[in-house]
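Visitor: I would like to learn how to read helix packing and ligand contacts from a model. Please take me through the structure shown here.

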Amino acid sequence: MTTNKSVLGWIDEMKQLVSPDKMVWIDGTKEQIEALRAEACSTGEMIKLNQEKLPDCYLHRTAVNDVARVEDRTFICSRREEDAGPTNHWKDPQEAYKMLYDIARGSYKGRTMYVIPYSMGPVGSKLSKIGVELTDSIYVVLNMCIMTRVGQKVWDTLGDSDEWVRGLHCKCQIDAEKRYICHFPEDNTIISVNSGYGGNVLLGKKCFALRIASFLGKNQGWMAEHMLILGIENPKGEIKYVAAAFPSACGKTNLAMLIPPEGYRKKGYKVWTVGDDIAWMRQGKDGRLYAINPENGFFGVAPGTNAHSNPNALASTKSGTIFTNVAHNLDDNTVWWEGLDKNPPKNAVDWTGEPWDGTTSDKKGAHPNSRFTAPAKNCPCVSPEFDKGEGVPISAIIFGGRRAQTTPLVYQSRDWNNGVFVGSIMASETTAAATGAVGVVRRDPMAMLPFCGYNMGDYFHHWIEMGEKLGGNAPKIFNVNWFRLDDQGHFIWPGFGDNLRVLEWIIKRCEDKVDANETAIGYVPKAEDINLEGLDFSVDTLKGILDVSKDQWTKEAEGIEEFYKKFGDKLPKELKEQLEILKSNLK
Ligand code: GTP
Ligand code: SPV
Ligand code: MN
């Protein structure tokens with residue numbers, strides 16, 4: 001295991017607090033994982049699926065009140081309230097520790113404490129960071145063993161250092177009224193109580209790799225972002241990498257694994273997945289921005305994933321995968337979700353554990369935020385760079401969201417600071433990935449609203465400073481919107497694989513190979529420069545979704561002005577200037 005004093009001291013303290021019956025050190029070996037799976041199946045916590053069709057795959061159902069991240073119960077517990085900022089919920093750290101310890105006290109009685117040493121990023125890479133999660137949930141252990149790199153090597157790499165992130169997870173009674181996800185950025189500590197669901201409890205993911213890491217990045221001069229990373233290989237074999245930030249359930253996993261349209265495939269285009277949710281980025285020796293994916297698996301949205309929309313994601317779930325809150329097909333002991341195919345199982349159990357015949361229209365088989373936890377190595381297009389840990393050089397940063405109107409299919413910012421402005425004004429319709437209303441437009445700067453571990457005004461400053469550091473090597477910044485709707489409420493742009501047509505324009509812009517129209521908000525493609533070959537989509541329709549409406553953007557500018565007021569003195573002057581430029585462009 002480890003002789004690290006800071007680790008042993010903390011584990012001891014937590015053990016005293018939660019009083020487990022026994023303790024198990026997780027080493028991530030096959031034998032250990034097999035034994036834990038068997039134990040979870042014996043208690044009903046997990047269901048072993050058809051091992052011929054889905055080898056090493058399991059199904060888990062969470063409590064019905066525990067199916068998504070809980071943003072209103074997520075806290076940043078910095079010493080000063082101002083350091084959490086106007087977009088985060090804050091609690092005083094001393095009060096928060098007391099409250100959490102009172103809830104956690106004795107909560108492992110009759111249970112086992114699992115100690116998970118994990119690395120975010122390839123073990124030993126200079127860009128990687130180490131965490132230790134204590135949990136009383138086998139489900140969490142097995143998910144962490146997919147999503148992160150777990151095992152003895154992590155202890156060996158950590159050595160005596162006390163640079164690691166403490167994570168305590170207690171399921172308690174899954175009491176929604178006492179559910180808290182608390183972060184102590186100044187103490188490198190996360191405490192999560194009364195949940196057993198995904199982002200609330202897999203503490204390496206949003207809690208560490210975004211909330212804690214964004215704070216570390218600010219202080220250490222790097223960036224932790226809610227971004228996918230993908231490589232686009234052209235027929236000459238040259239690969240360009242882009243990173244893209246979209247809010248939860250707005251298409252990161254899908255874009256990260258996209259399959260090029262037939263015409264592109266024939267020409268020799270390929271797409272390589274580096275990451276589908278989180279990017280850690282740092283300036284490299286050559287001055288460019290390099291990104292790694294700190295994760296080792298995909299915690300992807302199941303509904304809508306099918307052989308047409310995302311065959312690579314589907315292929316990734318065919319072995320070693322844990323399904324959460326999908327429907328269970330009893331006929332062949334497999335899984336099903338809305339949008340998988342047109343044949344819902346007749347003899348099934350829905351995500352709540354009730355019998356389900358696949359026909360009731362008011363009752364879904366899978367929860368809208370049901371998920372698969374799949375090993376990255378399963379992905380047919382996983383990048384050869386995935387495990388290298390040096391990072392890939394980023395040519396373009398792409399922001400995007402779900403907007404029925406207003407935001408065009410794609411536009412390019414005028415320069416870095418204008419790009420930071422474009423990210424800061426992102427807005428998107430809310431989705432089932434968090435509890436609360438769905439479909440409401442809200443501002444979600446850089447898709448980091450729920451994930452920034454400190455004052456978002458300071459976060460904007462950090463972006464501006466990164467641009468100064470990167471200078472002429474800075475990636476170009478774009479914005480995309482796959483979600484414009486027609487009058488009947490249908491998506492206009494075909495999306496998915498065809499998004500490569502837009503990425504191609506983006507790459508060409510980065511290489512100065514294509515012209516554009518300058519508008520009030522930035523550079524928009526000339527419609528004829530987006531390749532529509534092989535697609536039943538007219539240039540006129542395309543013009544419609546490239547349109548920048550002065551009326552709509554004038555309203556948008558008012559909304560931005562209102563939103564910016566939140567930040568008071570913390571709003572960088574560069575962004576104030578950008579807003580003024582937008583307003584004067586619209587006159
Ligand atoms: P998180 O894991 O929550 O961060 O989500 P994500 O950003 O990875 O989103 P994901 O790729 O899982 O997509 C979420 C939903 O958006 C799914 O239902 C997809 O089918 C849908 N979607 C993704 N890409 C597109 C697209 O290009 N067009 C349309 N219309 N829908 C899309
Ligand atoms: C998201 O909501 O952005 C996710 C899922 O990726 S969770 O891990 O629950 O945060
Ligand atoms: Mn996400």
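Guide: Start with a pair of helices: the axes of helix α11 (residues 416–424) and α16 come within 9 Å and cross at roughly 85 degrees. Axes are lines fitted to C-alpha atoms, for helices over the stretch in contact, with angles from 0 to 180 degrees between N-to-C directions. Helices are DSSP runs of H or I with at least four residues, numbered from the N terminus. This is a predicted model, in which local features need pLDDT of at least 70 and side-chain atom pairs count only at pLDDT 80 or more, while totals for chains, interfaces and linings use all residues. Residues are numbered from 1 along each chain as its sequence is written, ligands are numbered from 1 and chains lettered from A in the order in which they are written, and side-chain values use heavy atoms, without hydrogens and water.

Visitor: How are α11 and α16 oriented to each other?

Guide: Angles of 65 to 115 degrees count as roughly perpendicular, and over 145 as roughly antiparallel. α11 and α16 are therefore roughly perpendicular.

Visitor: Which residues in α11 and α16 meet?

Guide: Contact means heavy atoms within 4.5 Å. Asn417, Asn418, Val420, Phe421 and Ser424 in α11 meet Glu574, Leu575, Gln578, Leu579 and Leu582 in α16. By class, this contact has five nonpolar, four polar and one charged residue.

Visitor: At what angle do α15 and α16 cross?

Guide: Helix α15 (residues 550–565) and helix α16 (residues 573–586) have axes that come within 10 Å and cross at roughly 155 degrees. The two are therefore roughly antiparallel. Residues of α15 in this contact include Trp553, Ala557 and Tyr564, and those of α16 include Leu575, Leu579 and Leu582. The contact of α15 with α16 has eight nonpolar, two polar and three charged residues.

Visitor: Which residues are closest to ligand 1?

Guide: A residue counts as near if one of its heavy atoms lies within 4 Å. Ligand 1 is surrounded by 21 residues, the closest being Ala249, Lys252, Thr253, Asn254 and Arg371. An oxygen atom of ligand 1 is 2.8 Å from a backbone N or O atom of threonine 253. For arginine 371, a side-chain N or O atom is 2.7 Å from an oxygen atom of ligand 1.

Key. Parallel < 35°, antiparallel > 145°, perpendicular 65-115°, else oblique. Nonpolar A, V, L, I, M, F, W, Y, C, P; charged D, E, K, R; others polar. Polar contact = N/O pair within 3.5 Å; in protein donor to acceptor, adjacent residues only side chain to side chain.
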